[in-house]
Amino acid sequence: MTLREYFAVFRERWVVVVACVLVGVLAALVLTLLTPRRYSSEAIFYIATQGGDSDASAAYDATMLAREKIASYVELLGDPRVGQDVVDRLRDVDAASPAISAETVPDTSLIRTTVTARSPQQAQRVAAAVGDEFVVLVAQLEQQAGAQPGAPTVVARVVRPPSFSASPVSPSTSYDLTLGLAAGLVLGLLTALAWHQLDNTVKSGDVLGKIAKAPALGSVVDDPAFAEHPVGVHENSQSAYAEAYRHVRTNLGFLGVDSPRKILVGSSALPDEGKSATLCNLASVLGQEGYRTLLVSADLRRPKVEAYLQIEAAVGLTTILTGRSTLDDCVQPWAGGEFDVLAAGALPPNPSEMLGSRKMAELMTELRERYDIVLLDAPPLIPVTDAVVLGSRADGVILMARHGGTTKNDLGRALARLAAADVPVVGTILTRAPESQLRPYWGYLAISAADAEVPASRSLPEALPSAPAHQPDARAVGESEDVGHDGWERHEGDGGTNGFEGAQRFEDHVTEERFVTNGARTAAEERAASVQAAPRQVPSPRPRIPLVARSAGDAATTAVDDKP
């Protein structure tokens with residue numbers, strides 16, 4: 001791993017690192033509070049010689065003799081005999097309580113002794129007693145029976161009496177906390193690295209693309225307002241959430257430059273990976289660009305598109321495949337015709353067979369001729385084979401994976417199923433990515449949203465089929481129009497039925513089949529009345545600049561029209 005990859009791991013697992021640091025500091029603090037306080041007192045002894053000749057040579061020899069014996073006296077200070085003599089002398093001191101240590105002062109004839117005890121008074125008393133006992137012990141050891149007159153004798157004198165300090169020497173709060181912080185930091189870093197090595201989930205769009213061996217179309221983040229507005233790109237087109245989908249839309253345009261891919265299947269390895277919500281928002285941004293887009297709820301087991309878009313679910317794909325209705329009757333325009341939706345319809349007992357039927361092949365041929373791009377929301381790949389069946393008749397599969405939820409093993413199993421049927425994966429999308437992936441751009445997006453009075457138009461490369469500029473006639477904008485017997489306005493489009501006519505046929509069909517009960521006002525009549533009362537507006541087509549292709553081997557670029 002490179003240094004940048006290490007930093008990426010620590011940034012991703014920062015919660016683990018911080019938790020370990022807090023645990024280390026807390027453990028050090030608890031240990032500090034539970035450790036008994038210890039106080040110290042120091043005394044200094046001077047080792048010298050007395051007696052002997054007064055000439056310089058003899059004095060030098062005596063000094064060297066004293067220094068040679070200092071190391072032996074240091075060991076004697078730590079001898080249990082000295083400690084026992086002190087305990088016997090003081091009587092009220094526990095033998096295990098005081099600790100006596102000694103060291104020499106470099107290049108001198110001095111010995112520093114340190115006594116630690118449970119209280120500063122006890123430490124000072126013990127140090128004073130050690131001084132008295134040590135002086136007597138040295139005198140006893142230096143006595144020479146029958147020594148000749150004038151022979152030098154080594155003596156010990158107390159030159160600095162025992163000190164008194166009310167500050168404890170242990171435990172050291174600052175030292176213990178620093179040690180706990182360092183230990184927690186090291187533990188946190190090691191835990192983050194170990195967790196990263198053991199974590200088998202996908203957390204990067206680039207990694208997802210490498211596993212699938214397909215272009216990484218982008219990553220989309222969680223929308224905080226998803227529960228209220230599942231199609232967040234329609235509610236707030238200037239948010240970072242919407243910009244992520246526009247990034248996916250732009251990359252989608254580079255797929256199949258020579259042979260445009262018009263019908264794409266969206267699927268994932270397992271359920272609950274955000275594929276349905278992703279396709280709804282992707283269809284919205286494609287419709288905002290002016291492309292004739294159809295979103296098909298092809299999950300005939302657990303459809304979610306209908307709930308996200310709040311559309312009628314009773315009539316849809318299965319109604320067409322069973323021959324009870326036509327495409328014009330079942331297609332529902334969404335958000336004033338931003339894009340069209342084909343619901344799943346009644347859930348059949350044999351979804352795979354219906355999706356692989358000849359009727360489905362004929363329907364996909366019709367969709368290919370009518371729309372610029374068709375998105376099929378298919379079931380997950382591992383539990384069922386529906387997505388593979390659809391992918392074999394479409395132009396490819398967009399494989400989606402949830403950040404931190406989809407494992408590499410699951411992706412491998414899903415890709416193996418697609419490869420077995422020779423279904424190509426044309427791109428990948430990482431869903432529910434953390435907000436930190438777009439956080440550096442939020443400031444720019446917020447400023448642009450505040451400054452721009454009209455959102456700038458964005459172009460989709462010509463890899464997607466070009467959407468014709470619709471020219472509404474006078475009747476479409478409020479002049480003379482034919483009105484049917486049920487109050488629905490009818491008008492012609494450019495080569496086929498428009499959204500309002502399709503909605504009218506759909507409602508008539510639903511009314512005839514399911515909603516005529518006891519003379520009550522049906523849902524179709526209520527919607528017809530609301531549409532008739534509301535003023536109808538047809539948005540003008542948005543300008544687009546086509547993809548500019550460079551020479552062979554160069555990367556293609558897109559031009560963005562900033563005109564409103």
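## Residues 14-34

The end C-alpha atoms of residues 14-34 lie 30 Å apart. The span is 100% helix and 0% strand. Helices here are DSSP runs (H or I, at least four residues), and strands are runs of E of at least two, numbered from the N terminus. The UniProt record, an unreviewed entry, annotates residues 14-34 as "transmembrane region"; such annotations may be inferred rather than shown by experiment.

This is a predicted model: local features need pLDDT of at least 70, side-chain atom pairs count only at pLDDT 80 or more, and totals for chains, interfaces and linings use all residues. Residues are numbered from 1 along each chain as its sequence is written, and side-chain values use heavy atoms, with hydrogens and water left out.

## A nonpolar surface patch

Leu26, Leu29, Val30, Leu33 and Leu34 form a nonpolar patch on the surface. Together they have about 500 Å² of accessible area (Shrake-Rupley method, 1.4 Å probe). Patch residues have over 30% relative accessible area and no salt bridge; nonpolar side chains are joined within 5 Å, like charges within 9 Å.

Val30 sits in helix H2 (residues 14-34). Val30 is partly exposed, at 40% relative accessible area. Buried means under 20%, exposed over 50%, and partly exposed in between (1.4 Å probe, protein chains only).

Helix H9 covers residues 240-252, 13 residues. Its first and last C-alpha atoms are 18 Å apart, close to the 18 Å expected (1.5 Å times one less than the number of residues). In H9, 10 of the 13 residues are buried, so the helix is largely enclosed by the rest of the structure. Among them are Tyr241, Tyr245, Arg246 and Arg249.

Helix H4 (residues 80-90) buries Val82, Val86, Val87 and Leu90. Seen down the axis of H4, these fall within an arc of 135°, so they line one face of the helix. The arc is taken from the directions from the helix axis to the C-beta atoms.

## Salt bridges

The structure holds 14 salt bridges (a side-chain nitrogen of Lys or Arg within 4 Å of a carboxyl oxygen of Asp or Glu). Arg246 pairs with Glu243, the closest N and O atoms being 2.9 Å apart. Both lie in H9, 3 residues apart, about one turn of the helix. Arg246 is buried at 3%; Glu243 is partly exposed at 30%.

Arg301 and Asp386 also meet in a salt bridge (2.9 Å, N to O). This pair links distant parts of the chain, 85 residues apart. Arg301 lies in the loop between strand S7 and helix H11, Asp386 in helix H16.
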